[in-house]
Amino acid sequence: MSTSVSHRFLGSRAEGLCLVLFTACSWGAAWPQTKFLLGQLPPFAMRTLCGSCGFLFAVAVAVARGEHLLPPKDQWGRLFLFAMLNYGVYIVLSTETQVYLPSSEAIVITYTLPIWGSLLAWPLLGERPSWRQLLALVLAVGGVALLVGVGSAEARRDQVPGVAMGLMAAVLFGLGAVLAKRTPLQMPPATSVAWQVALGTALLAVLASFETPDWSRVTPAGWACVAFVATIPMTVAYLAWFRALRLVPASVAATTVLVSPMVGVLLSTLVLGETLGPRQIVGLGLTLTGVAIAARG
């Protein structure tokens, strides 16, 4: 890439979309891996382990970048709020969703977040959705509905808590995206991520204290999953996400991130052996079409 092309790309909408797509693929790849880890560790012990490793990695990145590690005093309130929306409460709810539901269904329910991101971006950011964005949202949500099997006999009463927690996680994450767009933290990026991981993991550690994990059950493949989740989805992808929110509208970012369930469902099929039938294939196609329209909008 030449210097002039590089300068045009950096800070552009194209860079923002590329960062969102990277983030979406990273988060999608994490879902089947965390589902795999749930077979070896209790949910909050597993998340606390990944979060602790993610915090150490984020601190190492911040030190390597020469960032100041102590947050400004006036940022602590918003830092705690963002940590709960982006990490702590969101991870608690999304993890519990995976306990009640198959990984593929948990992914797509949680990633109804474009609905809430678009709805909240209108009053909070003044981002009135265009007809193209509304069409993208309808197609993407329709794809999600097919993937989950809304209205089919597959839905069971014992899945209701998982569905409710997945939807709540989506609402909170959508709110976090809109607030991060409206009033971003005035902190260096890696330091911001490190502290959000730390505060979010502290909540998970409290819940993990009621569990009794057997660490000997973690296989080499499990440790490899921990290393991946802690570094790429939990740290690098969030750095990309917060950068992207500065470059593209929150509603577009939220819709584009629906690539995540596509990646998660496909990997769950390949790695975990979950079913991918005609309904899921059509749902994936609708979701991808909606994301493509949002990216063009």
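Predicted model: local features only at pLDDT ≥ 70, side-chain atom pairs only at ≥ 80, totals over all residues.
How far apart are the end C-alpha atoms of helix 4, and what span should its 25 residues have?

**View 1. Helix 4, from end to end.** Helix 4 covers residues 76–100. At 1.5 Å a residue, its 25 residues should span 36 Å, and the end C-alpha atoms are 34 Å apart, which agrees. Look along the helix for methionine 84, where helix 4 bends by about 55°.

**View 2. Helix 9 and what covers it.** Helix 9 takes in residues 189–208. Its 20 residues should span 28 Å at 1.5 Å a residue, and this agrees with the 28 Å between its end C-alpha atoms. Among the buried residues of helix 9 are Ala190, Val193, Val197, Gly200, Leu204 and Ala208.

View 3. In the whole structure, a search finds 8 aromatic pairs. One of them joins tryptophan 27 and tryptophan 241 in a tilted arrangement, 5.4 Å centre to centre with 55° between the planes. Tryptophan 27 belongs to helix 2 (residues 13–38) and tryptophan 241 to helix 10, so the pair ties together parts that are 214 residues apart in sequence. Are these two residues buried or exposed? Tryptophan 27 counts as buried because its relative accessibility is 6%, under the 20% cut-off. Tryptophan 241 is buried as well, with a relative accessible area of 0%. Both tryptophans also belong to one aromatic cluster, made up of Trp27, Tyr87, Tyr90, Phe173, Tyr238, Trp241 and Phe242.

**View 4. The largest nonpolar core.** This core has 65 residues, and those with the most contacts inside it are Trp27, Tyr111, Trp241 and Val257. Helix 10 supplies the largest share of the core, 11 residues. Take valine 257 as a guide: leaving aside neighbours within four places in sequence, valine 257 is in contact with Val20, Ala24, Trp27, Tyr111, Leu113 and Trp241.

View 5. Which helix holds threonine 235? Threonine 235 lies in helix 10, and a relative accessible area of 1% makes this residue buried. The side chain of threonine 235 reaches the backbone oxygen of alanine 230 at 3.1 Å. Not counting residues up to four places away in sequence, threonine 235 touches Gly54, Phe57, Ala58, Val193 and Ala230.

Notes: Residues numbered from 1 in each chain as written. Heavy atoms only, no water. Helix = DSSP H or I, 4+ residues; strand = E, 2+ residues; numbered from the N terminus. Expected span 1.5 Å × (residues − 1). Bend = angle between axes of the 7 residues up to and from the residue. Buried < 20%, exposed > 50% of the residue type's maximum accessible area, 1.4 Å probe, protein only. Phe/Tyr/Trp six-rings, centres within 6.5 Å; stacked < 30°, edge-to-face > 60°. Polar contact = N/O pair within 3.5 Å; in protein donor to acceptor, adjacent residues only side chain to side chain. Contact = heavy atoms within 4.5 Å. Core = buried A, V, L, I, M, F, W, Y, C linked by side-chain atoms within 4.5 Å.
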